[in-house]
Amino acid sequence: MPIVSKYTTAQIESLMQELESVLTAAQAPVDLSLLVLGNLTTHIISQQIPLTQQPLIADSFAQALKQSLKHNPSRH
């Protein structure tokens with residue numbers, strides 16, 4: 001069963017494009033981009049999620065990332 005988001009595809013795509021533009025403007029290589037996005041993810045979880053829920057959110061995020069890679073038709 002597909003997951004229904006409370007955000008529109010346009011909202012998600014717009015924010016993704018903005019973040020990608022920042023990384024591109026900084027000429028960040030893949031490893032630096034992933035490091036920064038990982039650190040930002042950690043920061044968001046640690047600052048905005050109650051401590052008791054952080055492990056669950058981190059696990060859910062990691063699982064969603066793995067699933068998105070499995071189902072990404074643009075994979076090479």
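The following questions and answers concern the predicted model shown above.

Visitor: What pattern does the protein chain follow along the sequence?
Guide: Helices (H or I, at least four residues) and strands (E, at least two) are DSSP runs, numbered from the N terminus. The protein chain has three helices and zero strands. Read along the sequence, the pattern is α-α-α.

Visitor: What percentage of the residues of the protein chain count as buried?
Guide: Buried means under 20% relative accessible area, exposed over 50%, and partly exposed in between, with a 1.4 Å probe and protein chains only. The C-alpha atoms fill a box of roughly 35 × 30 × 25 Å along the principal axes. Of the 76 residues of the protein chain, the buried share is 5%.

Visitor: How far does helix α1 reach from its first C-alpha to its last?
Guide: Helix α1 covers residues 9-25, which is 17 residues. The expected span of a helix is 1.5 Å times one less than its number of residues. The reach of α1 is close to the expected value, at 24 Å.

Visitor: What is the phi of Gln27 near?
Guide: Gln27 follows α1 and has its place in the loop between α1 and α2. Gln27 counts as exposed because its relative accessibility is 71%. Its phi is positive, in a residue other than glycine, and near 55°.

Visitor: Is Ser33 buried or exposed?
Guide: Ser33 is found in helix α2. Ser33 touches Leu23 and Ala28, not counting residues up to four places away in sequence, where contact means heavy atoms within 4.5 Å. Because its relative accessibility is 11%, Ser33 counts as buried.

Visitor: Which residue has its backbone oxygen 2.9 Å from a polar atom of the side chain of Gln54?
Guide: Gln54 is found in helix α3, residues 54-70, and is buried because its relative accessible area is 16%. Not counting residues up to four places away in sequence, Gln54 touches Ile45, Ser46 and Ile49. The backbone oxygen that lies 2.9 Å from a polar atom of its side chain belongs to Ile49.

Visitor: What distance separates the C-alpha atoms of Gln67 and Gln53?
Guide: Gln67 lies in helix α3 and is partly exposed, because its relative accessible area is 28%. Gln67 and Gln53 are 14 residues apart along the chain. Their C-alpha atoms are separated by 21 Å.

Visitor: Which residues are the closest to the centre of the largest pocket?
Guide: On a 1 Å grid over the protein atoms alone, a pocket is an open set of points where a 1.4 Å probe fits, with protein on both sides within 12 Å along at least five of seven lines; lining residues have an atom within 4 Å of a point. About 2,200 Å³ of space lies in the largest pocket. Of the 34 residues that line the largest pocket, the closest to its centre are Ile12, Met16, Phe61, Leu65 and Ser68.

Visitor: Which helix supplies the largest share of the lining of the largest pocket?
Guide: The lining has 21 nonpolar, eleven polar and two charged residues. At least two lining residues come from each of α1, α2 (30-48) and α3. The largest share, ten residues, comes from α1.

Key
Residues are numbered from 1 along each chain as its sequence is written. This is a predicted model: local features need pLDDT of at least 70, side-chain atom pairs count only at pLDDT 80 or more; totals for chains, interfaces and linings use all residues. Side-chain values use heavy atoms; hydrogens and water are left out. A polar contact is a pair of N or O atoms within 3.5 Å; within protein, one must be able to donate a hydrogen and the other to accept it, and residues adjacent in sequence count only if both atoms are side-chain atoms. Grid points are joined across faces, edges and corners, and a volume is the space filled by probe spheres set on the points. Ala, Val, Leu, Ile, Met, Phe, Trp, Tyr, Cys and Pro count as nonpolar, Asp, Glu, Lys and Arg as charged, and the others, Gly among them, as polar.
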